[in-house]
Amino acid sequence: MPHCENFAPIILTGDRPTGPLHLGHYVGTLKNRVAMQRSHRQFVLIADAQGLTDNADNPDRIRRNVIEVCLDYLAVGVDPAYTTICLQSSLSALNELTLFYLNYVTVARLERNPTIKDEIRTRGFGRDIPAGFLCYPVAQAADITAFKATVVPVGDDQVPIIEQTNEIVRRINRQAAREVLPEAKAVVPKIGRLPSIDGEGKMSKSQGNAIYLSASRHEIGTAVRRMYTDPGHLRISDPGKVEGNVVFTYLDAFDPDVDAVADLKASYRHGGLGDIALKQRLEQVLETLITPIRERRAELSRRPDDVIDVLRQGTQTSRIVTQQTLEELREALGLFILA
């Protein structure tokens, strides 16, 4: 069991195993997870059941990516000594909590959720929305509250999910006439959403516009060269726009030399800095970040049994925690309980 004081604030976060993780995940939550794991009791959920909400016809995609996502966690520095990594589908209490919570939210409210609306539009569901997909904010509320998490690191596009979770929590607590469940606070990083390399929307596995944490030097270079800059910046001497320039967005997110990036922005705006030189700097910054992650990941992948053991032990610990919350909720709501 990971070492952590019982009174430490509880974090719950996670990812759907629909593919290996990318820089958007790193900026959105992974970096925070590593930074906060020693000061909080942290649970990280591999949300394989949620992954089926739009992959029910391809469950093998979810199954084979469970270990891939776990490898990414370990490679970036999520430490099982401080963080409990667990598998959603093996925690039956989450399913029961979801069923209870569905009685405390309306279809209309789910359809108004901005995150859901954006995802429905992106995937082109129209009105053919899988019921599981429409209801996944409720399932996420079950995930968060089952661990009694008060801190949830997310990208800014996921903040509406936390808001809806807290609405459900307040309804449950009013029904029970006492605080059964705590509300959660979203922790959004400085750059809450990383744009895709083409500047069209956010970085996404499903859209094929991502730089993975396991990317090779060649893949990093290819992606950076494709990045959107300023179409009006035709010559080095031309003044260029920094705002909306994907390369600068990535430098802001990943270049540790803030003063140097500020100087680059000034030169670009004034004229005298070419896109090629700018992209070469970003390529080196990303290579410096990803190389040790890629190498650790490759080493861990040669010991798959160790990775599975981390997941198994974390899931066993999480099963105890989530079952206790379920039992407390049943009692608080006055449900009939058989001894």
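Tyr-250 and Phe-254 both lie in helix α11, 4 residues apart, which is about one turn of the helix; helices here are DSSP runs (H or I, at least four residues), numbered from the N terminus, as are strands (E, at least two). The model is a predicted one, in which local features need pLDDT of at least 70 and side-chain atom pairs count only at pLDDT 80 or more, while totals for chains, interfaces and linings use all residues. Residues are numbered from 1 along each chain as its sequence is written, and side-chain values use heavy atoms, with hydrogens and water left out.

Both Tyr-250 and Phe-254 are buried, a word that stands for under 20% relative accessible area, with exposed meaning over 50% and partly exposed in between (1.4 Å probe, protein chains only). A pair of aromatic rings is described by the distance of the centres and the angle of the planes. Rings of Phe, Tyr and Trp (its six-membered ring) pair if their centres lie within 6.5 Å, and planes under 30 degrees apart count as stacked, over 60 as edge-to-face and the rest as tilted. By this rule the count comes to 6 aromatic pairs. In one of them, the rings of Tyr-26 and Phe-254 have centres 6.4 Å apart and planes at 35°, so this pair is tilted. Because Tyr-26 belongs to helix α1 (residues 23-36) and Phe-254 to helix α11 (residues 246-254), the pair ties together parts that are 228 residues apart in sequence. Tyr-26 is buried at a relative accessible area of 14%, and Phe-254 is likewise buried, at 11%. Tyr-250 and Phe-254 also form a tilted aromatic pair, with 6.1 Å from centre to centre and 45° between the planes, and ring pairs thus link Tyr-26, Tyr-250 and Phe-254 into a cluster.

What surrounds these rings? The largest nonpolar core has 53 residues, and those with the most contacts inside it are Leu-23, Ile-211, Tyr-250 and Phe-254; such a core is a set of buried Ala, Val, Leu, Ile, Met, Phe, Trp, Tyr and Cys residues joined through side-chain atoms within 4.5 Å. Apart from it lies another core, of 43 residues, which includes Phe-133, Ile-168, Leu-326 and Leu-333. The axes of α11 and helix α12 (residues 258-270) come within 10 Å and cross at roughly 165°, with axes being lines fitted to C-alpha atoms, for helices over the stretch in contact, and angles running from 0 to 180 degrees between N-to-C directions. The two helices are therefore roughly antiparallel to each other. Angles over 145 degrees count as roughly antiparallel, under 35 as roughly parallel, 65 to 115 as roughly perpendicular and the rest as oblique. Phe-248, Leu-251 and Asp-252 in α11 meet Val-261, Leu-264, Lys-265 and Tyr-268 in α12. The axes of α11 and helix α13 (residues 275-301) come within 10 Å as well and cross at roughly 35°.

Technical notes:
Contact means heavy atoms within 4.5 Å.
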